[in-house]
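Please open the structure in your viewer and keep the selection tool at hand.

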Amino acid sequence: MVSSNTEQNDPPCDDHRFSELKSFDETKAGVKGLVDAGVSTIPRIFILPPHLFNPTPPYSTNTNITIPTIDLDAVSKNGIGSRRTTVDQVRDASEKLGFFQVVNHGIPVGVFEAMLGGVKGFYEQDDEVKKRYYTRDVSRRFVYNSNFDLFSGPGANWRDTFFTYMAPHPPDPEDLPAPCRVILMEYTKQVTGLGHLLLELLSEALGLNSSYLNDLDCAEGLVAIGHYYPACPQPELTLGASKHTDNDFLTVLLQDQIGGLQVLLEDQWVDVPPVPGALVVNIGDLLQLISNDKFKSVEHRVITNHAGPRVSMACFFSTSYQQASSRIYGPIKELLSEDNPPRYREITVKDYVTYSNAKGLDGISPLLHFKL
C-alpha cells in the first residue's frame, strides 16, 4: 500500500489495545525486534480476527490456476508479430487474473540480488542507526515503520516496511540509508524503464495507442517499498500482509525465494511461486478504475511461516505522490459505449489514496466506495 502525504492519525480502539500498540511502536524495533528478543508466541496485537485470517475453506490452495510467466524478449527485438503475441498474453492475464510474471525484461539478476541484499541490509544493520529512520510522518524522504495502518487497521501484520518516493523528484542519495542507498537509485531507474514498457503493452491490450497510459502520467510517480517478514513462531495466527488490493496503477514486485505471496482467484488462494530472474506484475485499483473493469485489480496477501526472513521490493507506479496531482481520472472515454457505461465516478489519485489508507487493510476493496 502507498501512504498519502499526511500524518497518520491515531485510531479509535480500546484503551488496552491502544496501549499495547503504542508500546510496540515506541520500541522502533518493529517485528524484527520481537524476533530478536526471542518471542515464542506472538503478541495479541498480531492475532488477526477470523474474517481477515481464514486458511480453511472456502479458501483453498488446492487449485489448477497458475500465474503465467510472460517472456518480454520478443518485445525487445521489435518483431511486430511477436509483440502482438505478447500483448495478447498481457491482455489475457490482466483481464482474468490481474497478475503475471515477466522474464527477459532487461534487468540483470545481479541487480536483483543487490536490491534484495540492500533491503535485508537496512533491517539487519545496527538498531540504533536504523531507529533514526523510524517515523509515522510520511512526508519524510525515507520512512521506516511497522504497519502503516498499525493504529487504524483491525490487526497488525507480521512485517516491517520502509518506503521512499523515487519519482518524479528523487531523494538526495544522502537521505537514503547506506545499506540500500546506491542500489535503490540504480534499481528504481531500471524498473522505471520496465514500467513504461509494461504500460505501453497494457495500452495496446486495451486497443489504445501505445503511449496512452504513459501520457496519462500513470508512471509519473514511483514509490519503492521494502518489506521484511521475519520468521514467525505462530504462522497460523497472523499474516505478513492481510488481504488487500494495491492503490496504484501498476505494481512491479521483486520477491526472494522464500515465497508466501498468494492471489485470491475463484475463492481460492493461488500461490505466486518465486521464479528465478522474474518480476511479479499486478494491476492496481486505479488501472481497474480507468479501464472500467476491463483489467482486474485482484486481492492478494502474504502468509507467514517458520522460515525467514522473507524480503521483497515493491515499486508502485502512479501520479506524483509528493505533489498531489489535480488531474481527474475516470473510465477512459474511448472504452465506453452504450453497452459499457462508466462504472466509477471521476476522482483524483489523492482522493483514492487518502480513502484507501484511512480504511487500512480491512479486507474490503476501496474501489467499491467509488462505484457509480
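Select α1 and α2 (30-36) together: the buried residues of α1 pack against α2, where contact means heavy atoms within 4.5 Å. This is a predicted model, in which local features need pLDDT of at least 70 and side-chain atom pairs count only at pLDDT 80 or more, whereas totals for chains, interfaces and linings use all residues. Residues are numbered from 1 along each chain as its sequence is written, and side-chain values use heavy atoms, with hydrogens and water left out. Helices (H or I, at least four residues) and strands (E, at least two) are DSSP runs, numbered from the N terminus.

Next, colour Arg17, Leu21, Phe24 and Asp25, which are buried in α1, that is, under 20% relative accessible area with a 1.4 Å probe and protein chains only, while exposed means over 50% and partly exposed lies in between. They cover an arc of only 100 degrees around the axis, which puts them on the same side of α1; the arc is that of the directions from the helix axis to the C-beta atoms. On the other side of α1, select Asp15 and Glu26, which are exposed.

Now move to strand β8 (residues 261-265), where five of the five residues are buried, so that the strand is largely enclosed by the rest of the structure. Leu261, Val263 and Leu265 lie on one side, and Gln262 and Leu264 on the other.

β11 (residues 300-303) runs antiparallel to β8 and is joined to it by three bridges, with Val263 opposite His300.

Notes. Two strands pair if DSSP finds at least two bridges between them.
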